[in-house]
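Hello,

Here is the structure I promised to pass on to you. Have a look at it first, and then read my notes below.

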Amino acid sequence: MRKSRALLVLPVVAAVGLTACGGPASGTAAGTASSSSSAGGDLSGTLTVFAAASLTDVFGDLGDQLMAENPDLDVQFNFAGSSALATQLTQGAPADVFASANEKQMTVVTDAGLQAADPAVFTENVLEIAVPKGNPGNVTGLADFGDADLTLAVCAADVPCGAAAAAVFADAGITAQPDTEEEDVKAALTKVQLGEVDAALVYATDVQAAGSDVEGIPFPEAEQEVNDYPICVLKAAPNAAAGQAFVDLVQSDAGQQALADAGFRAPTS
Amino acid sequence: MTLEAHVVVQRGSLGVDVELSVGDGEVLAVLGPNGAGKSTVLRVLAGLLPPDAGRVVVDQEVWDSTDRHVPPHQRSLGMVFQDHLLFPHLSITENVAFGLRSRGMRRVPARAAAGPWLDRVGLAGLGDRRPGELSGGQAQRAALARALVGDPRVLLLDEPMSALDARTRLAVRAELHRHLGDYAGSAVLVTHDPIDAMALADRVVVVEDGRVVQAGTPAEVARRPRTDYVARLVGLVLLPGTGTGAQVALDGGGLVAIAEDAAGPVFVAVRPESVALYLERPAGSPRNVWPLRLVAATPHGSVVRCDLTGEVPLTADVTATSFAELGLAPGADVWASVKASEVAVYTR
Amino acid sequence: MRRRPDPGVPLPLLVPALLAVAFLVLPLVGLVVRAPWSSIGPQLAQPEVGQALRLSLVTASLATVVSLVLGVPLAWVLARSRIRGRSVLRALVTVPLVLPPVVGGVALFLVLGRNGLLGRPLYEHLGITIPFTTTAVVIAETFVAMPFLVISVEGALRAADARFEDAAATLGADRWTTFRRVTLPLVAPGIAAGAVLCWARALGEFGATITFAGNFPGTTQTMPLAVYLALQRDPEAAIVLSLVLLAVSLGTLLLLRDRWLGRGSGQGIAA
């Protein structure tokens, strides 16, 4: 979470909060109005963004960029698992923007009627095969996960990446022969980095983040289980203008480039 | 069998340098105050503590020298400790058989061999008990049987009776006397109790501050103590002085008349019971009369032991009756007299 | 009959002691209260639960045996020998106590993994891989749990009267015989206590296990791993599994207490 100039800004927050409460209804209109915010400098107060943990690096950079353009604006993030964030929002946590790592948790929020406008999918993440540098197991595609001689890691079915993996295997008709079902994607990736498994099924962004120790192998079957990332400004947003500006930034060319650099890809739908 | 030892070892601030020699079937008592280094000597003999210098030789077999240290378990010895140290997890029979088992005997014959020893020390029928179920005296008897069972060349006894109450001590001492009489090897008894030494030992060495200060038979040591410590132990007042004819000039001042002529440095030894006390200077002008002051009076059995200061510091034992008749109290001025014939004199 | 408060416990001790009990027991009460008792039957009927429980008990027991075989001699060296660098050695032994278990798991990879210092030659010459096997579970649990045994046995050895060992030496016992026939029985209660601690720690081990041994039902998924993953999906199931683990471990310890420590507790070591 970022915290800067928080004390100085406090009275401004209160003022902006009041005005935001006064006229929240026309979200789309506000969006169009501030789409030229890159020229900027007119936003102020505190912007609170609830975002999936996988967005930590990209959103952090975009937040810094927004603050640089708007010296009076303070951007604060709450990065956590999407389900935890959705729960917090339905329990009344104050936020301006919610970015979920899947449609399901966004639906939790929209079912509660918390969105100011319909969520938009701003990026996608797909499964990829992560192999240690040099690919010692000569893994070529998803079918290799049926090879009992290889040492393989997948996520446990109880966690999101495991559920996606199970769906991909089912679609492809492959009986996976994993040696370990990891508790989360980072744990699976660690074992690839150490070279202790020949391959693990993780997200493309994880491969990207892992650096040079890990090589990614995209596979066509992943298209069956694309993970969409929806984002929206919230109805009760204390700083709706800044929230919309952030959503616009994420969807702008610069935002999309940052996401692509981190291994995400542009939404296809 | 003989034990010849010269033990040199530094223990903290105490430097120990003691020579010992124990012959066949002989019992040597090492007598001395606490902290004199007695137990250190015994630990060296047992091999539990390697000496800094010196040697330990048993029957021409070198146990310790500058280039040799036989570990304790390879020495033919038995040791009895102050508080018996019977293994609490083993029965009495197993304790007694322990030495045989660890020297390679099988379980059954070792237990069988332990039986007669239990009989000999009067523990027949108690073999299945645990040490915790024995009285102090019984435990110490079991410890003796455990030490003797392998028929060792050397028997070491470290204050074997100091943990017992007075009555038990008497009984165990008598039994120990009997067993030591039967024992053919060399025995070394460490004690601070002169009665143990007198009752059990053939010879006594007195150790103070890590050095031998006196050696001899128990009778010699008792009759002619050479240090205050031994003198107090055997109940004598020891006064060093210089003899000239029939009197001794004490180093601390004062003159003592004696029955025989003496010359040069001597010890004067006075038994407390030979000192008589009077309120007035006694008539008949005995030669040894001194005006002294009573500083302390402590009941001691049927007598009251009176500590006196003055020209000749003495201790007098008077009967409780006389003490009462004289109406004495600490601080009282008294006259003390000793017959010249009651004064022992021997060269320093 | 009226009961008065135990006069043996002074108030300044009684109050913190009661607080400590509350602190330790209340979370347990929380688990019991929140447990979905109605669904406990179907939860337990799942084959994975029995599998994970069996694996936990087997691996924790094996880890305890390995810890005893290696840890008791180590404790003796720390307590009795005069080798140099003993204090450094003791500090090293306690490293797994302060190391986050996940880091411990990574460290085990670096030594015993396919690319590890020892693991690579094992793999390349003998074709043996240790990670992701039940052996790896036992190794991870031993790594984390053995220090508990070593420290409590060392404490017992230090507290035991070393003069019994002197007595054994004068009775012809060499140091090994002395250790076997005198030292070991004397510190048996300390060893038992250490083994119980070790077993309990191994049973609850999570971080090093899931890192080094991974998580696969039947081979490496112990109860704590099953609990953790259940927590991701269904917190109620996690509570049920935790209670099962708790009940089984408490039951085992009570049973052993009666069997091993039931008698002889009054038999102290003579001072």
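Let's start with C:R114, which is buried because its relative accessibility is 8%; buried means under 20% relative accessible area, exposed over 50%, and partly exposed in between, with a 1.4 Å probe and protein chains only. Before going on, please keep in mind that this is a predicted model, where local features need pLDDT of at least 70 and side-chain atom pairs count only at pLDDT 80 or more, while totals for chains, interfaces and linings use all residues. Residues are numbered from 1 along each chain as its sequence is written, chains are lettered from A and ligands numbered from 1 in the order in which they are written, and side-chain values use heavy atoms, with hydrogens and water left out.

**Salt bridges**

What does C:R114 pair with? Its side chain meets that of A:D198 in a salt bridge, at 2.8 Å from N to O. (A salt bridge is a side-chain nitrogen of Lys or Arg within 4 Å of a carboxyl oxygen of Asp or Glu.) C:R114 sits in the loop between helix 6 (101-112) and helix 7 (119-126) of chain C, and A:D198 in the loop between helix 7 (185-193) and strand 8 (199-203) of chain A, so this pair joins two chains. Helices (H or I, at least four residues) and strands (E, at least two) are DSSP runs, numbered from the N terminus. A:D198 is buried too, at 6% relative accessibility.

Within chain C, the side chains of C:R90 and C:E154 form a salt bridge of 3.0 Å, N to O. C:R90 belongs to helix 4 (residues 86-93) and C:E154 to helix 8 (residues 134-159) of chain C, so the pair ties together parts 64 residues apart in sequence. C:R90 is partly exposed at 26% relative accessible area, whereas C:E154 is buried at 6%.

Over all chains, the structure holds 28 salt bridges.

**A sheet in chain A**

Five strands of chain A make an open sheet with mixed pairing, in the order 2-1-3-10-4. (Two strands pair if DSSP finds at least two bridges between them.) Strand 2 (72-80) and strand 4 stand at the edges with a single partner strand each, so one side of each has no neighbour in the sheet.

**A hairpin in chain B**

Strand 12 (residues 237-250) and strand 13 (residues 255-270) of chain B pair in the antiparallel sense over 12 bridges. They form a hairpin with four residues between them, and B:G253 in the turn has a positive phi of about 95°.

Enjoy exploring!
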